[in-house]
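Here's a short tour of one protein model. Take a look at the sequence and the structure, then read on.

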Amino acid sequence: GRDQTTIHLRVEDNGLGLPPTFDLGQTKSLGMTLVQAFTEQLQGTLDIQSHQGTQVYVTFQVSPSDLEE
């Protein structure tokens with residue numbers, strides 16, 4: 001709604017990237033499991049790409065009251 005702010009979080013590296021056979025649903029990697037849990041907790045969306053490294057995008061919405069200290 002109008003009272004929501006969309007947050008886009010991007011984490012990337014310039015390493016080898018993910019193997020062509022990478023399957024997020026089948027990974028046993030602790031890091032990827034944590035990223036998936038974090039995204040679910042935020043009720044967000046997750047997009048992972050592998051072009052000249054790995055790029056992880058998490059998008060979620062928050063209310064302004066969530067941002068207050």
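## A patch on the outside

Which residues form a nonpolar patch on the surface? They are Leu9, Val11 and Phe38, and together they have about 250 Å² of accessible area. Val11 sits in strand 1.

A few terms need explaining here. Patches are built from residues with over 30% relative accessible area and no salt bridge; like charges are joined within 9 Å, and nonpolar side chains (Val, Leu, Ile, Met, Phe, Trp, Tyr) within 5 Å. A salt bridge is a side-chain nitrogen of Lys or Arg within 4 Å of a carboxyl oxygen of Asp or Glu. Accessible areas come from the Shrake-Rupley method with a 1.4 Å probe, and for residues only the protein chains shown count as cover.

## What kind of model this is

You're looking at a predicted model, where local features need pLDDT of at least 70 and side-chain atom pairs count only at pLDDT 80 or more, while totals for chains, interfaces and linings use all residues. Residues are numbered from 1 along each chain as its sequence is written, and side-chain values use heavy atoms, with hydrogens and water left out.

## The overall build

The protein has two helices and three strands, and from the N terminus on they come in the order β-α-β-β-α. (Helices are DSSP runs of H or I with at least four residues, strands are runs of E with at least two, and both are numbered from the N terminus.)

The radius of gyration, taken over C-alpha atoms, is 14 Å, whereas a compact globule of 69 residues would be near 11 Å; that rule is 2.2 Å times the number of residues to the power 0.38. Along the principal axes, the C-alpha atoms fill a box of roughly 40 × 20 × 20 Å. Buried residues make up 14% of the 69. (Buried means under 20% relative accessible area, exposed over 50%, and partly exposed in between, with a 1.4 Å probe and protein chains only.)

## Two residues up close

Thr5 belongs to strand 1, residues 5-12, and is partly exposed, at 30% relative accessible area. Leaving out residues up to four places away in sequence, Thr5 touches Phe60, Gln61 and Val62 (contact means heavy atoms within 4.5 Å). The C-alpha atoms of Thr5 and Phe60 are 8.4 Å apart, although 55 residues separate them along the chain.

Now for Ser63, in the loop between strand 3 (55-62) and helix 2 (64-67). The side chains of Ser63 and Gln4 are joined by a polar contact of 2.9 Å. (That's a pair of N or O atoms within 3.5 Å; within protein, one must be able to donate a hydrogen and the other to accept it, and residues adjacent in sequence count only if both atoms are side-chain atoms.)
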